[in-house]
Amino acid sequence: MALSLRLSSFSPTLSHKTPLTCLANPIKASLSQTTPQSPKSLQLPQWVSSVRSKSLNFLLSGSLSLALSLTGAGFAEGKVGVNKPELLPKEFTTVIDVAGFLSDGQEGRIRQEIDALEKDTGYKLRVLAQNYPDTPGLAIKDFWKVDDNTIVFVADPTFGNILNFNVGASVDLDIPRSFWSRLAGKYGNIFYWKEKGEDASIEAAVMAISACLREPVGSSNCSEVK
């Protein structure tokens, strides 16, 4: 299925498949590359795409004007758009920590896990740690070349739950949406990261995502958050 993500004024959320109705700045930009629809995606009825668009408006703080939390809390207030390419590193990396949550050793371990995951499964996990409005914002689109196989994981405590995700269309076909909400509920809630630290939440989430994506696709895959 083609992934069509819209960034509206780069305040919090990523959506795919159909554009969101913007609550703030009307400026929009596609976050993903436009790719032809696969036969598998064409078989999905229209209502599935509509539900997917609404249910997968995962919070990306500093990315979209409209935000829908995974926990079902509803819509968050739109934020002023941000686009700060100067906050991007000079060289490509799968982990961007502009908030300073992670130590050098932690970043290294997470990069190694992400590299191994991509090599073994083809899924591309990308991690952005930020404190809105200190975020590269729209600039991550081209930097990471987000596509249907990409999971953008944004660690931002702005809205309480620190774990926020955007899931590519191909990933969405293989991974139950309930996994992301359970993951956010277990490692992203404010009590967890306040006690353990933002870095602990990020590392735990990365390992849980890696374990899930390595499971064979089926009716019971990713049924547990490890």
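The model is predicted, so local features need pLDDT of at least 70 and side-chain atom pairs count only at pLDDT 80 or more, while totals for chains, interfaces and linings use all residues. Residues are numbered from 1 along each chain as its sequence is written, and side-chain values use heavy atoms, without hydrogens and water.

The protein has eight helices and eight strands (DSSP runs numbered from the N terminus: H or I of at least four residues for helices, E of at least two for strands). Of its 226 residues, 50% count as buried (under 20% relative accessible area with a 1.4 Å probe, protein chains only). Among contacts (heavy atoms within 4.5 Å) with a separation of 6 or more, 71% come from residues 24 or more positions apart.

Five aromatic pairs occur in the structure; rings of Phe, Tyr and Trp (its six-membered ring) pair if their centres lie within 6.5 Å, and count as stacked with planes under 30 degrees apart, edge-to-face over 60 and tilted for the rest. Phe92 and Phe143 are stacked, at 5.7 Å centre to centre and 25° between the planes. Phe92 sits in the loop between β4 (75–76) and β5 (95–97), and Phe143 in helix α4 (residues 140–144), 51 residues apart. Phe143 counts as buried because its relative accessibility is 17%. Elsewhere, ring pairs join Phe153, Phe165, Phe179 and Trp180 into a cluster.

There is one disulfide (cysteine sulfur atoms within 2.5 Å). The sulfur atoms of Cys212 and Cys222 are 1.9 Å apart, and the link is right-handed, with 90° about the S-S bond. Cys212 lies in helix α8 (residues 198–213) and Cys222 in the segment after α8, so the pair ties together parts 10 residues apart in sequence. Both Cys212 and Cys222 are buried.
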